[in-house]
Each structure stands twice: as C-alpha cells, then as structure tokens.
Amino acid sequence: MTAKRPRPIRSGKGRVDLDEAIYAEISRAILHGQLQAGTKLPEHKLAELFDVSRERIRKVLHRLAAERRLEVIPNRGTFVPRPSGDDVRVIYQAHRVFEAGIIELLVRTMDDSIMARLDAHLAAERDAARRGDRAESVRLSGAFHLLLVDALGNSELSRFSRELLSRSSVMVSVYEPAQSSVCAVDEHGALVDALRQRDLTKALALSREHYDHIEQRLKLDQAVPRHQDFAAVFRPVAASERRSRNR
Ligand SMILES: [Zn+2]
C-alpha cells in the first residue's frame, strides 16, 4: 500500500449507479485485505471521501452488513469484522463437513461435462497464477468451490455454499498476511484428479486437508489498528459514476 492517492474507479460503461460504485469499492478494499480487522468505518469520513451524503454511505454499509462483510454494533458504528478464533474454527469446520457431503454426491454423479468444466476452471486458475493476477486468482479460487457445488444442481446447496464462502472470504481477507488469499491451485488439481478417478476416500482427505491449510494460514493475532488512512485505501468514484448521483 502506498501513501499516494490511487486513481479513480472507472467502470468503462460510462454511467453506473453511484451507490454500486461505492459498494464495489468498499467490497474490493475488504476482500483485498486493505482494511484491517476491527477497523471502524465512520460514515462522516467516508461521506467526505466519496463526496456523497452520509445517508448514501449508511445505505451501502448496511448492505455490506446484511451480507455479513461488515458488522454493525448498535450505538458504536460499523466495523470491519474481527472474527474470533471460535468463529474461524466453526466456519472452517462447516466448510469441511459441507464439502465432504458435496464430494460424496459428486463422485457418484460425476460426468464428462462436469469434468470438462472443472478442467477449464483449473486452466484459468493456473493462467491467473502464472500472470501473477492476484485479484483474478482470489476470485477463481472461491469460484472453484462453488463450481463443485453448482455441479449438483441443488439451488439450496448452492445458496448455502455462497453464504459460507462469503463468511470465510472475510476471514481470509482480514487475517491472511500479505494478501496471499489464494487457494493452492495444485491442491485444487489433486482434488479434481481424485474426482476423475472416483476415489472417494482420497477426494475427502484432500478436501479436508485443503481447508486445514487455509485455516492454518490465518493469523488471528492482528491488533486493532489505531488509525487507518482511508484516503490511501479507497479510490474516489469517477465523474462518470457521479452523473447518476442525483437520480
Ligand atoms: Zn480452494
């Protein structure tokens, strides 16, 4: 992170809703680990920074809180989550148990079209890693696990997996050092190979170890920051987005 003010966000579409632009910018900062766990997000500061009303900021913060990416503490404000060791343990246990069930079903229902989708996804993950495109790697590594679930065609399981992933993504963003928030591509590859061989025992072990590794990389001993330079974190919304502000 540099002290220099980053360039404005550009959507490329010209006219994009200002709320969406601010929402996307705060989401990006959370997911890229640029906001430390426990940081307070003061409405007045963000309103000043994005040059919008406090009401608009409040609306965006509430949306992020509803998605459990932020925490609202009554009478105190909105904060970047600071999940406890127990929170982390519970979520990763849920991940392991949930994916074990997914894998058990997948091994039985696996077909060529699912295999082809997984192989294409792995190729994209490897490509992003080669290019050093961290943002894309982070997105694809989450998408890999969703792809396993979505292959079953059960909308309830798909919905649940997204909720679980959004909880753990926040944990990875705030507790994984040096923004290295990427699943190991090789571990995904080994899991896909085990599925291809319909080797249930191996696939279950690989999935369990994969989540163990992610959980072990989290560093929970981060101190609450005294000061966070929001101007260095958030990019101002560009003029093109701003046109929709009075809608
Ligand atoms: Zn993974």
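Predicted model: local features only at pLDDT ≥ 70, side-chain atom pairs only at ≥ 80, totals over all residues.

User: How many helices and strands are in the chain?

Analyst: Helices (H or I, at least four residues) and strands (E, at least two) are DSSP runs, numbered from the N terminus. The chain holds eleven helices and two strands. Read from the N terminus, their order is α-α-α-β-β-α-α-α-α-α-α-α-α.

User: What share of the residues of the chain counts as buried?

Analyst: Buried means under 20% relative accessible area, exposed over 50%, and partly exposed in between (1.4 Å probe, protein chains only). Of the 247 residues of the chain, 45% are buried.

User: How are two packed helices described?

Analyst: One gives the angle between their axes and the distance between the axes. Axes are lines fitted to C-alpha atoms, for helices over the stretch in contact, and angles run from 0 to 180 degrees between N-to-C directions. Here the axes of α8 (residues 185–196) and α9 (residues 200–217) come within 8 Å and cross at roughly 165°. The two helices α8 and α9 are therefore roughly antiparallel, a term for angles over 145 degrees.

User: Which residues of α8 and α9 meet?

Analyst: Contact means heavy atoms within 4.5 Å. From α8, the residues E187, H188, A190, L191, A194 and L195 meet K202, A203, L206, S207, H210 and H213 of α9. By class, this contact has six nonpolar, four polar and two charged residues. The classes are nonpolar (Ala, Val, Leu, Ile, Met, Phe, Trp, Tyr, Cys and Pro), charged (Asp, Glu, Lys and Arg) and polar (the others, Gly among them).

User: Where is D51, and is D51 buried or partly exposed?

Analyst: D51 lies in the loop between α2 (43–50) and α3 (54–66). Its phi is near 55°, a positive value in a residue other than glycine. With a relative accessible area of 47%, D51 is partly exposed.

User: Where is the place of N75?

Analyst: N75 belongs to the loop between β1 (71–73) and β2 (77–79). Although N75 is not a glycine, it has a positive phi of about 65°. N75 counts as exposed, at 87% relative accessibility.

Definitions and conventions:
Residues numbered from 1 in each chain as written. Heavy atoms only, no water. Parallel < 35°, antiparallel > 145°, perpendicular 65-115°, else oblique.
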